[in-house]
Each structure stands twice: as C-alpha cells, then as structure tokens.
Amino acid sequence: MQIYLSVTPDAAREAGSFCRTLAHVAYRIGPGSTLLRGGLLLETRGGLLSVSDREAPFIDDPEALAEAALRECGRRNYGGVLLDFEEAPRRDRQAFAEQLAAALGASRRTLYLPERWAVPGGVSLICTAISGGNFVQRLEEAAAGAGGAGRLALDVQRLCMDFRLPAPSGEGEPLSPDVFRRLMERENPAVFFSQDLCARYFTYTRQGESHFVLFDDAGTLRQKLRQGAGMGFSAAFFMWPEVRDIAPQLFGRNGPGGGPPQR
C-alpha cells in the first residue's frame, strides 16, 4: 500500500521528514478552465498533484484543464492527481474528472478522487472515520462494489467526536485537539478500544447528560491501515494538519511511509 501525506507548500519540508510521498495541496481551478498553482517550492518533484474545487468557476473546457494537469505532472514528475473536490457532483466537474482519468491512464499515472465522484479508471477514496456499523465490513462492501480493493484507496481521517447519548441522529460534535486534550485532563477517563469501529472511546457525565467520545490515535490509524493493506487497498491518504502531533508515532522508522522523502 502506498502512503500519501497531503500538505500545503509551507509544511512540505516538515511533513516530508516523516513520509516519503506527498500530495501537494497547491493547485486550484481558475477562470477559463486554467490550472492555478500557488506557493509551491521550485524543487518540488514526485508525489501527487492535489487540486481543489473550492470556489472554482464553471469548467467550460474540461479537456484543456485535464491537459494542463497532465503537463504539470510531467514537469514535476508527479505520479498522478488527487481531486480534493468538496462540492456535490456537477456536470462540468464530472466531465473534467473523466477526461483527466483517461489522460492520466494513458500516461501510466493515477487519478484519486472522492467516493461519490467515481469515474472509469479512477481510484475512489473510502473514508475510514465511521461512528457506527463495522469498519471491516465497510471496507469489504466498498471493495465488492468497486470490483476489488485494488481499485480503492483509504481516506484516513482522524476521528474525534463527542456524542450526547442516546444520539438518535448518529451525529456528534467534532472536538478540536485542544478541546479534546482539556477534556481528557478534566475527566481522566478509562479508555477502551472498539473492535467494530477500530477506534478508541470513553464515556463521561456532565450536567446530568451522558457523553460518548470516539477518537483515533496513532495506534488506531495504523490498525486501519493494516486492515486496508491486508485487503489489498492500493493507497492511503492522510491530511498533515490532522496528524502532525502524532507524526513521530504514526510515521516513525517502522511506521507507514516512514523515513525521509526519496529524491
């Protein structure tokens, strides 16, 4: 399994000391179906081109945008493209993704994209942060639907949520690292591991309300990687801001993708 760490240009050197392969979060879609690049280090080579659709205009020429991305891959020796698309699927974005998947495939490169943006030839990302059901079953069902785990990658999101029980909606409140740390210090709880969710949890009571806190740490994230790798998932992606504080444990010499980047 290939491990990628998604980083902005200002964090590339620090993150690169922990993971060999980076997805460079430095590209966005501009007016006239152009590919805009911002702040990338001149010496950047290898890894992936990561392009965002945040506040992007309508893509009126999907083929031109796909060609621009392919040229940038050639200049920087990128092994492919990660589409960091946050908006719901739209016709113009779909057309671009399909054009890009075909162009990258012809040059022996890979397109990675969110699960709901599945296109022929692309590798869909499956989110690992679940708060219900069974983690292994989730991966198995995704692999069966895709025709094999080799056509999928893990989107390794670090879960940290507080659920007010009984939580009938299944939705919790996301906890920032600082809030979570203060909560742990105040409650000093007994922490348990959920085999089904492949995450840690604890409970506490405050102002008469029962709370259930579900969270990931380096150990649970590595366990999720082992499950995915064992099933044949092709790659896994981390976001640097989410794992910076646990990078030594997660990407240590014996960890996934450990060691300095290869030049």
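Which residues does Thr220 touch, not counting residues up to four places away in sequence? In this predicted model, the partners are Phe193, Cys198, Ala199, Arg200 and Phe215. Thr220 has its place in helix α6. Its relative accessibility is 1%, so Thr220 counts as buried.

Lys224 belongs to helix α6 as well, a helix that covers residues 218–231. Is Lys224 buried or exposed? Its relative accessibility is 1%. Lys224 is therefore classed as buried, since the cut-off for that class is under 20%. Residues up to four places away in sequence aside, Lys224 touches Thr128, Ala129, Phe135, Leu154, Leu197, Cys198 and Asp216. One partner, Phe135, has a particular placement relative to the lysine. Lys224 lies over the face of Phe135, at 5.6 Å from the ring centre.

Phe135 and Lys224 also take part in a helix contact. Packed helices are described by the angle between their axes and the distance between the axes. Helix α4, residues 135–146, packs with α6 at an angle of about 35°. The two axes are 11 Å apart. The crossing of α4 past α6 is right-handed. From α4, the contact is made by Phe135, Val136, Leu139 and Glu140. From α6, Lys224, Gln227, Gly228 and Met231 contribute. Sorted by class, the residues of this contact are 4 nonpolar, 2 polar and 2 charged.

Aromatic rings form a further theme. A pair of rings is described by the distance of the centres and the angle of the planes. How many aromatic pairs are counted? The count comes to 15. The rings of Phe202 and Tyr204 have centres 6.3 Å apart. Their planes stand at 40°, so this pair is tilted. Phe202 is buried, and Tyr204 is buried too. One aromatic cluster is formed by Phe163, Phe192, Tyr201 and Phe212.

Val7 lies in strand β1, which runs over residues 2–7. Val7 counts as buried because its relative accessibility is 2%. Its contacts, leaving aside neighbours within four places in sequence, are Ala12, Ala15, Leu22, Ala23, His24, Val25 and Trp240. Val7 and Gly219 are 212 residues apart in sequence. In space, their C-alpha atoms are 22 Å apart.

Ala56 sits in a loop. This loop runs between β4 (48–52) and α2 (62–76). What relative accessibility does Ala56 have? The value is 11%, so Ala56 counts as buried. Ala56 touches Ile29 and Arg93, not counting residues up to four places away in sequence. Ala56 and Ala247 are 191 residues apart along the chain. Their C-alpha atoms are separated by 32 Å.

Gly252 lies in the segment after α8 (247–250). Gly252 has a relative accessible area of 19%. The cut-off for buried is under 20%, so Gly252 falls in the buried class. Along the chain, Gly252 and Cys19 are 233 residues apart. The separation of their C-alpha atoms is 8.9 Å.

How values were computed. Residues are numbered from 1 along each chain as its sequence is written. This is a predicted model: local features need pLDDT of at least 70, side-chain atom pairs count only at pLDDT 80 or more; totals for chains, interfaces and linings use all residues. Side-chain values use heavy atoms; hydrogens and water are left out. Helices (H or I, at least four residues) and strands (E, at least two) are DSSP runs, numbered from the N terminus. Buried means under 20% relative accessible area, exposed over 50%, partly exposed in between (1.4 Å probe, protein chains only). Contact means heavy atoms within 4.5 Å. Rings of Phe, Tyr and Trp (its six-membered ring) pair if their centres lie within 6.5 Å; planes under 30 degrees apart count as stacked, over 60 as edge-to-face and the rest as tilted. A charge sits over a ring if NZ of Lys or CZ of Arg is within 6 Å of the ring centre and within 35 degrees of the ring normal. Axes are lines fitted to C-alpha atoms, for helices over the stretch in contact, and angles run from 0 to 180 degrees between N-to-C directions. A crossing is left-handed if the near helix is turned anticlockwise from the far one by less than a right angle, and right-handed if clockwise. Ala, Val, Leu, Ile, Met, Phe, Trp, Tyr, Cys and Pro count as nonpolar, Asp, Glu, Lys and Arg as charged, and the others, Gly among them, as polar.
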